[in-house]
Amino acid sequence: MIYPSHNMSEVNFMILFMIIGAIGAWIPDADLKIKHRVALHNIFVCLLITIVLYVLFINILGRLAIQLPYIHPLILVIPFFLGYISHLLTDLLTVYGVAIFWPFSSNRVSLSKFKSNSIILNTIGILIAISMFFTKLYILINPNIIEEVSKILKIFLKSLYSLNP
């Protein structure tokens, strides 16, 4: 079971998810004093830290199984990974770029012409974060929305399938 349905309310779960995601999003900038956007701004370190955290959480939660029987380590690792990856992806949108494949390649990859202090880039990031928060909040308030969207997608996919001979 991934979702903590018994010991944690959905709102508390969302808050925990956001806090852990924010920590994951902050970690890549812990390399400001050393090779910034190299040492911690790559996919391999992201995966390594995520795997190490997963193993640590398995051990920690294994010892606390009596107190926290419904919390799976993935609840703690997935938001960390998503926060970390989102940081890497947004830094890919800057002029400076990221050495995403370091230590195998120190070439920086940049997908855009924005500076990291760009009003446009920061506004887009803030709007995405706000929309994600309110989408999750709306789903909490109206849980039937997922079923409604699922029905609409099924109808859409059936119509696409029926168009193909």
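Visitor: Over which residues does pLDDT stay under 50, and how many contacts beyond four places in sequence does the model have for them?

Guide: This is a predicted model. The stretch is residues 1-7, where pLDDT stays under 50. The model has 20 contacts beyond four places in sequence for residues 1-7.

Visitor: What is the average pLDDT of the protein chain?

Guide: The average is 75. A score of at least 70 is reached by 68% of the residues.

Visitor: How many helices and strands are there in the protein chain?

Guide: The count is 5 helices and 0 strands. The pattern along the sequence is α-α-α-α-α.

Visitor: What share of the residues count as buried?

Guide: Of 165 residues, 28% count as buried. The accessible surface of the protein chain is about 11400 Å². Carbon and sulfur atoms hold 73% of that surface.

Visitor: Why is T50 called buried?

Guide: Its relative accessible area is 9%. Buried means under 20%. The value of 9% falls under that cut-off, so T50 is buried. T50 lies in helix α2. Leaving out residues up to four places away in sequence, T50 touches V77, F80 and F81. T50 and Y84 are 34 residues apart in sequence, yet their C-alpha atoms are 9.2 Å apart in space.

Visitor: Why is V52 called partly exposed?

Guide: V52 has a relative accessible area of 43%. V52 is in helix α2, residues 43-63.

Visitor: What makes V52 part of a surface patch, and which residues form that patch?

Guide: The patch is nonpolar and consists of L48, V52, L56 and I60. Together they have about 350 Å² of accessible area. Patch members need over 30% relative accessible area.

Visitor: Why does I20 count as buried?

Guide: I20 has 14% relative accessibility. The cut-off is under 20%, so I20 counts as buried. I20 lies in helix α1, residues 10-26. Its contacts, not counting residues up to four places away in sequence, are L76, P79 and F80. I20 and L82 are 62 residues apart in sequence and 9.5 Å apart in space, C-alpha to C-alpha.

Visitor: And H87: why does that residue count as buried?

Guide: H87 is at 11% relative accessibility. That is under 20%, so the label is buried. H87 sits in helix α3, residues 73-92. Beyond four places in sequence, H87 touches A25, P28, D29 and H41.

Visitor: Which members of the largest nonpolar core touch the most other members?

Guide: They are C46, F57, F80, Y84 and L88, out of 16 residues in that core. Helices α2 and α3 each supply at least two residues of this core. The most comes from α3, with 7 residues. In soluble globular proteins, nonpolar side chains tend to be buried together.

Visitor: Where is P103 found, and what kind of peptide bond joins W102 and P103?

Guide: P103 is found in the loop between α3 and α4 (119-141). The bond joining W102 and P103 is cis, with omega about 15°. Most peptide bonds are trans.

Visitor: Why does P103 count as exposed?

Guide: P103 has 53% relative accessibility. Exposed means over 50%, so P103 counts as exposed. P103 and F44 are 59 residues apart in sequence and 8.4 Å apart in space, C-alpha to C-alpha.

Visitor: What share of the contacts with a separation of 6 or more comes from residues 24 or more positions apart?

Guide: The share is 57% in the protein chain.

Methods. Residues numbered from 1 in each chain as written. Predicted model: local features only at pLDDT ≥ 70, side-chain atom pairs only at ≥ 80, totals over all residues. Heavy atoms only, no water. Patch = residues over 30% accessible without salt bridge, like charges linked within 9 Å, V, L, I, M, F, W, Y side chains within 5 Å. Areas by Shrake-Rupley, 256 points an atom, 1.4 Å probe, with all protein chains shown as cover. Salt bridge = Lys/Arg side-chain N within 4 Å of Asp/Glu carboxyl O. Helix = DSSP H or I, 4+ residues; strand = E, 2+ residues; numbered from the N terminus. Buried < 20%, exposed > 50% of the residue type's maximum accessible area, 1.4 Å probe, protein only. Contact = heavy atoms within 4.5 Å. pLDDT = per-residue confidence, 0-100. Core = buried A, V, L, I, M, F, W, Y, C linked by side-chain atoms within 4.5 Å.
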